[in-house]
Amino acid sequence: MKYKSRFSKYVTWLVLFFFYLPMVVMTINSFNNSKYGITWKGFTLQWYIDMFNNPKILFTLMNSLIIGVTAMLVSMILGSLAAFCIHYYRTRLQLFHNNLILIQLGVPDILMGMSLLLFFISIHLKLGLLTIFFAHVTFCISYVTMVVLARLQNFDFSILEAAKDLGASWPVIIRKIILPLLSPGIIAGGLLAFTLSIDDFVITFFVTGPGSTTLPVYIYSMMKHGNPTVVNAISVFIFIATFILVFFTQKLTDTKKK
Amino acid sequence: MKSDSSKNKITEILISAPTLSWLTVFFLIPTIMAIIMALRPSNPYGDLLPGWTLENFKTIFSPIYISVVWRTIWVSILSTIICLLFSVPVGYYMARLSEKFRKIILFLVIVPFWTNFLIRIFAWKLILNPDGLIHKTFVFLGIIPSGGSLIYNTGTVILVIIYTYLPFAILPIFAAAERFDFKLLEAARDLGATRWLAFLHIFIPNISKGLMAAAAMVLIPCLGSYVIPDLVGGTNSQMVGNLIANQAFVARNIPMAAAWSTLLMAMILLPLGLILCVKILLDKNKD
């Protein structure tokens, strides 16, 4: 009696097959000695060698990492602050605050990219790493806030009252109580922010300038004009990195439940 | 007492200020600026002219462009429906699995969700390549002519949209199904309902919030699609997102790009408002 629906089982396996088929094809093809197309022409590591010999990949990866790490740190601080005051003070201001974050979450990338481009042009800010950083923090804040807010749902605020009654000052309360209890949420939010930042193409494409190309923007230009075989090799690395990242995040959210 | 509450208010404003001001500067103001910019006139070279105009919106609703707007709408709605049709059985199946298997399947659904979406789109270009097995099989079976192509058409755009956004639909439906009490289905069966009837009348209404969230999670990014039609679509499968990018990067006509953005905003706010209304109605019914 545990479950009777065979149909749902077949659909699930079909969907998983659908999800992983492209990744498998791409991985196999990254070892394929054929420059165009996917007919098997023998095993090669040439595309991986090409990848490591391409200085542009390392350079754009560095740009992505610089932005990813800085946007992650800033959005972790801003997002945690936002989540804390939305949860703690239930005033009209916080309702507005919460709605602003929710709406921001729902805006498609292309709209954010377009309006930010317009904004940066009109305040005469030169497009580059700085504008990408501003854009990334903007979309990361909402995600961090949501993750930390979820964590706050089972946060017992009477601990704070108790600490206050016992004479603890706010800095002590923040350092000794709030941060340790919220840190899994803040770290999970930060990991999400980092992934979103590293992966982002659309918004970055709008606000990028000369010399500030990130890895996804470079991958896109290779897909459109350059060498697609190197894209396969990079993709395999990205798959592996994603697997590891998701695995750790799952671990993190698991301990959260215990 | 009064000084205490006003002190409280000051602390509240102090810790709200960083995010509120950040989002005001980098989200609210740019969005409002885009709407205002849509009302500015420009010459064919994209230079800004003084004054105000509705000319940009007239251009949008001209016959050449209106087909793109319709395509964006029907492609998004169709993709959302197909995503929901697949996600419900998957969510149902996952929710009924044992803890251990559920975690494994969940992991397998989350990985594509986190994988760079440019790469996931590009993979389809490989699979549907004229040299690929699928293309050859289709030609062999006579489904497509030998000179035909599986890529660069609207059908492929829909396929890749579904591939990209299906995890976004599965996760909220699974979350709702996980909270569902499956004993209710057994009770309905005991009372004589067929399996299908029980599923339709008990399971579906109980996961309606998850369905709504899933629909919004797919529909909104679909309406704003740009990269997918750009990479796997042809000239006849452009969507509003492509027009925005075109005006911004190729034509360099910022007021036109802003007008398209404003239209896209309206296209998103409309169904979102509808979903919110349904949600409020549902909540009222429950009380």
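Buried area is the accessible area (1.4 Å probe) that two parts lose on being put together, summed over both. In this predicted model, chain A and chain B bury about 7,700 Å² between them. Carbon and sulfur atoms carry 80% of that area. On the chain A side, F18(A), F19(A) and M223(A) lose the most area to chain B, together 8% of what that side buries.

The contact (heavy atoms within 4.5 Å) takes 88 residues from chain A and 80 residues from chain B. One salt bridge is found across the interface; the term denotes a side-chain nitrogen of Lys or Arg within 4 Å of a carboxyl oxygen of Asp or Glu. K224(A) and D230(B) meet in a salt bridge through their side chains, at 3.2 Å from N to O.

Chain A itself is built with 11 helices and zero strands. Helices are DSSP runs of H or I with at least four residues, and strands are runs of E with at least two. The C-alpha atoms of chain A fill a box of roughly 75 × 65 × 30 Å along the principal axes. Of the 258 residues in chain A, 51% are buried, meaning under 20% relative accessible area (1.4 Å probe, protein chains only). Among contacts in chain A with a separation of 6 or more, 71% join residues 24 or more positions apart.

Residues are numbered from 1 along each chain as its sequence is written, and chains are lettered from A and ligands numbered from 1 in the order written. Local features need pLDDT of at least 70, side-chain atom pairs count only at pLDDT 80 or more, totals for chains, interfaces and linings use all residues, and side-chain values use heavy atoms, leaving out hydrogens and water.

Definitions and conventions:
Buried means under 20% relative accessible area, exposed over 50%, partly exposed in between (1.4 Å probe, protein chains only).
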